[in-house]
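Dear colleague,

Please find the structure below, followed by a short account of what was found in it.

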Amino acid sequence: MPKRLILMRHAKAGWDGPHISDIERPLNQRGREDAARIGAWLRQEGYLPDAVLCSSATRTRETLSLLGIEAETEFLQALYLAPEQVMLKTLKAARADTVLMLGHNPGIGLFAQDVVEEAPSHPKFRRYPTAATLVCDLPVNDWADAVPRSAQVVDFIVPKDLP
């Protein structure tokens, strides 16, 4: 049975004050709305993860909370601003059949480009804007066997695609 991977960049965050660190940045109003809309889309399409691997940043945690998805979740410091190599290494340790990985650019966008065999034709895929979400299937029975350029794209969406 292939494994399903959902790669999502956090929703739009703001800078709420001069003394807030990058890791503590919360979502802004648009980000909260976009996260809820992407969550509704994931549920409507049946793209529900069994497990979530989420950056420990405030904006990724808040994005996840607004998706309306219940799944075993790990908040990982290693995914905060992680490069694509760290994301692949983290994914290889996963055990669930469907995994949602929630992170930051540029790493999440580069990982999305690296993992798929063929990129979707969507004009925003390479830019991977906030709340961009890729759903893809990998032809492996164990995440430890995941390799770049092997995933088949199932779907890709950005918030502006939704009503």
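The crossing of helices H1 and H2 is right-handed, a term for the near helix being turned clockwise from the far one by less than a right angle. This is a predicted model, in which local features need pLDDT of at least 70 and side-chain atom pairs count only at pLDDT 80 or more, while totals for chains, interfaces and linings use all residues. Residues are numbered from 1 along each chain as its sequence is written, and side-chain values use heavy atoms, leaving out hydrogens and water.

H1 (residues 29-45) and H2 (residues 58-67) pack at about 45°, with their axes 7 Å apart. In their contact (heavy atoms within 4.5 Å), residues of H1 including Ala35, Ile38 and Leu42 meet Glu62, Thr63, Leu66 and Leu67 of H2. The residues of this contact comprise six nonpolar, two polar and three charged.

Helix H4 (residues 107-115) has several buried residues, among them Ile108, Phe111 and Val115; buried means under 20% relative accessible area, exposed over 50%, and partly exposed in between (1.4 Å probe, protein chains only). The buried residues of H4 pack against strands S1 (3-9), S4 (98-103) and S5 (133-138) and helix H3 (84-92).

The loop between S4 and H4 holds proline 106, which a cis peptide bond joins to asparagine 105, with omega about 10°.

Which residue in the loop between H4 and S5 deserves a look? Tyrosine 128 lies there; its phi is positive, about 45°, although it is not a glycine. Tyrosine 128 is buried, at 0% relative accessible area.

Yours sincerely

Methods:
Axes fitted to C-alpha atoms, helices over the stretch in contact; angles between N-to-C directions. Helix = DSSP H or I, 4+ residues; strand = E, 2+ residues; numbered from the N terminus. Nonpolar A, V, L, I, M, F, W, Y, C, P; charged D, E, K, R; others polar.
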